[in-house]
Amino acid sequence: MTARVLVGMSIREVNATGELEAAATGADARLAFLQIAEPTLSTVLTELADRGVTRIELLGVCFGPLAPGLSWLRRGAAHWWRERGPEAPDVVIATVLVGADVAVPAVIDTALQSVRPVRATEAPVTSPAWEQVPPYRRHVTVCRGPRCSARGAEQTWTALADGLTQRGLKDTEVLMCAATCMLRLVLECSAFRSECNRTRDETRA
């Protein structure tokens, strides 16, 4: 038994969940996400394996230039495959990512004509080199929650990333991170500032 899985590679695809769900349904495939959202890739792989699927075909979906590379899909899938052990099904990954044309079933069929099997020798998801945090000067967190996404958070993220990349600052001088709704943090910071201002005024009096 064979199953197909469309894998959203970045937060941009998370924001287009409805579109991806429709594409997956049209292609008789499952939908999973490499990061940020659920169901995660590992969750879907486990569910399929538990159902007795013997071959799983993965196709990465990327709607923009800022998504992680195909190698990260291979790393994630291989990590699950090694953890699953000897009874793990065959997992193959398309050698190309597809974009907005994923809604066309023929595009999916064509992409999955060229696949590469996951092997035990794939690169791991961890590395000793990543245990040392680079000396970033700035840490920028961009809210990608529902309110901010509706008001242009994606465009803000893209503009920041492009500007920092052009100046050679992204992932060297500046670390960018996406976050879900930060309203609670904003409220807590506002409350903290109000308390500081009150204390300051009382001290001056």
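What follows is a walk through the fold of this protein and the charged pairs that link its parts.

The model is predicted, so local features are taken up at pLDDT of at least 70 and side-chain atom pairs at pLDDT 80 or more, while totals for chains, interfaces and linings use all residues. Residues are numbered from 1 along each chain as its sequence is written, and side-chain values use heavy atoms, with hydrogens and water left out.

To start with the overall picture, the protein has 8 helices and 7 strands. Both are DSSP runs numbered from the N terminus (helices are H or I, at least four residues; strands are E, at least two). Of its 205 residues, 34% count as buried. Here, buried means under 20% relative accessible area, exposed means over 50%, and partly exposed is in between, with a 1.4 Å probe and protein chains only. The protein exposes about 12100 Å², and carbon and sulfur atoms supply 54% of that area. Accessible areas come from the Shrake-Rupley method with a 1.4 Å probe, and for residues only the protein chains shown count as cover. As for contacts (heavy atoms within 4.5 Å), take those with a separation of 6 or more: residues 24 or more positions apart account for 72% of them.

Next comes the sheet. Five strands form an open sheet in the order β2-β1-β3-β4-β5, with mixed pairing. Two strands pair if DSSP finds at least two bridges between them. At the edges sit β2 and β5, each of which pairs on one side only. On average, neighbouring strands of this sheet are turned by 30° against each other, direction ignored. Strand β4 (residues 90–94) pairs with β5 in the antiparallel sense over 3 bridges. V92 has its bridge partner in β5, namely P117.

Helix α2 (residues 17–26) lies across β1 (2–8), β2 and β3 (55–61), and runs at about 145° to β2. Helix α3 also packs on the sheet, where it touches β1, β2 and β3, and its direction makes about 145° with that of β2. For such angles, axes are lines fitted to C-alpha atoms, for helices over the stretch in contact, and values run from 0 to 180 degrees between N-to-C directions.

Now for the charged pairs. Side chains of opposite charge can pair when their charged atoms come close. The structure holds 10 salt bridges, each being a side-chain nitrogen of Lys or Arg within 4 Å of a carboxyl oxygen of Asp or Glu. One of them joins the side chains of R12 and E154, at 2.6 Å from N to O. R12 lies in helix α1 (residues 11–14) and E154 in helix α7 (residues 153–166), so this pair ties together parts that are 142 residues apart in sequence. R12 is buried, at 18% relative accessible area, whereas E154 is partly exposed at 23%.

R30 and E47 also meet through their side chains in a salt bridge (2.7 Å, N to O). This pair links strand β2 (residues 30–33), which holds R30, to helix α3 (residues 41–50), which holds E47, and the two residues are 17 apart. Both ends count as partly exposed: R30 has a relative accessibility of 26% and E47 one of 35%.

A further salt bridge joins the side chains of R74 and E122 at 2.4 Å, N to O. R74 lies in helix α4 (residues 70–84) and E122 in the loop between β5 (115–117) and β6 (138–143), so parts 48 residues apart in sequence are tied together. R74 and E122 are both buried. Finally, salt bridges that share partners join R4, R55, E57 and D109 into one network.
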